[in-house]
Amino acid sequence: MDKEISTHRRRMVFQLVAATVGLTAVWGGYKIYGFINGIRIYREKTKSEWVTVPPSFLTLVNNQKDVTKEGLKFFRINDEVMGGKSLSELSVNNKAGSLVFKGEINTNGGGFASCRTLGDDEPLGFTTDSINNALKVKAKGDGQCYKLTLHTADSWKMGTPSWSYDFVPSSSVENYTLPISDFIASKQGRPMKDTVIDPSHITGIGFSLSLYTADGKPNADFHDGPFQLEIESVIEEERK
């Protein structure tokens, strides 16, 4: 009799544990679904809020493509996608034909604000030989360390690296020369050694203000508060 009661109790305990594990798995799956769905909603929202810069914004050495003739479209991606609270907005200064990227950084639970071009259906028009050239960025800012980013796929394809280069724009308009061969590859914020970009595969460009620099080190200039970067043009130049 005692043996039967003991066996029955063990069965009840096993069933209770199994039920608890099952509920935990269901709840975990629900949370994962909610997170992924939230990313999808954020992605569609930000991609619908683009601005168009003039065709003169990007000039390439051997541009045989029609991609930039109607002007590139830029949209924003902030740390909101991972639960952060940083905010940004995009506009076009029609007088200068420049892209204005500004907002407010909140380091509580976040770490970046960024923008990039919309559309990754085809390359922008760089060539393989562009690796020997540089990008001349005409811009002004607030003295913080920004990154120019080069993309070969949609930003949401986390498995594909992007390439970036740091520059610190002053409050007056200046030109900043960024050698394409010196852009650093990273995947989900982690630098990747010995990964060189093939410029002919570049489908998008962007700008970001982040907790980390291009080489993965802490950005000493990164802090809470407002930021503003205004870019007049990005010109590919042959290096002699």
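Me: Is Lys 45 buried, exposed or partly exposed?
Reply: Buried means under 20% relative accessible area, exposed means over 50%, and partly exposed is in between (1.4 Å probe, protein chains only). Lys 45 comes out at 43% relative accessibility, so the label is partly exposed.

Me: Before we go on, what kind of model is this?
Reply: Residues are numbered from 1 along each chain as its sequence is written, and side-chain values use heavy atoms, with hydrogens and water left out. Local features need pLDDT of at least 70 and side-chain atom pairs count only at pLDDT 80 or more, while totals for chains, interfaces and linings use all residues, since the model is predicted.

Me: Which residue forms a salt bridge with Lys 45?
Reply: A salt bridge here is a side-chain nitrogen of Lys or Arg within 4 Å of a carboxyl oxygen of Asp or Glu. The closest N and O atoms of the pair are 3.0 Å apart.

Me: Which residues are linked with Lys 45 and Glu 49 in a network of salt bridges?
Reply: Arg 76 meets Glu 80 in a salt bridge at 3.5 Å, N to O. Arg 76 is buried at 12% relative accessibility, whereas Glu 80 is partly exposed at 28%. The two that join Lys 45 and Glu 49 in the network are Arg 76 and Glu 80.

Me: How many residues apart in sequence are Lys 136 and Glu 237?
Reply: Their side chains meet in a salt bridge (3.2 Å, N to O). Strands (E, at least two residues) and helices (H or I, at least four) are DSSP runs, numbered from the N terminus. Lys 136 lies in strand S7 (residues 134-140) and Glu 237 in strand S14 (residues 225-237), so the bridge ties together parts whose separation in sequence is 101 residues.

Me: Is the pair of Phe 57 and Phe 74 stacked, tilted or edge-to-face?
Reply: Rings of Phe, Tyr and Trp (its six-membered ring) pair if their centres lie within 6.5 Å; planes under 30 degrees apart count as stacked, over 60 as edge-to-face and the rest as tilted. Both Phe 57 and Phe 74 are buried. Their ring centres are 5.5 Å apart with planes at 75°, so the pair is edge-to-face.

Me: And which residue joins Phe 57 and Phe 74 in a cluster?
Reply: Ring pairs do the linking here. The residue they bring in alongside Phe 57 and Phe 74 is Phe 207.

Me: At what angle are the ring planes of Tyr 165 and Phe 183?
Reply: Tyr 165 is partly exposed, with a relative accessible area of 22%, while Phe 183 is buried at 6%. The ring centres are 5.4 Å apart, and the pair is tilted because the planes are at 40°.
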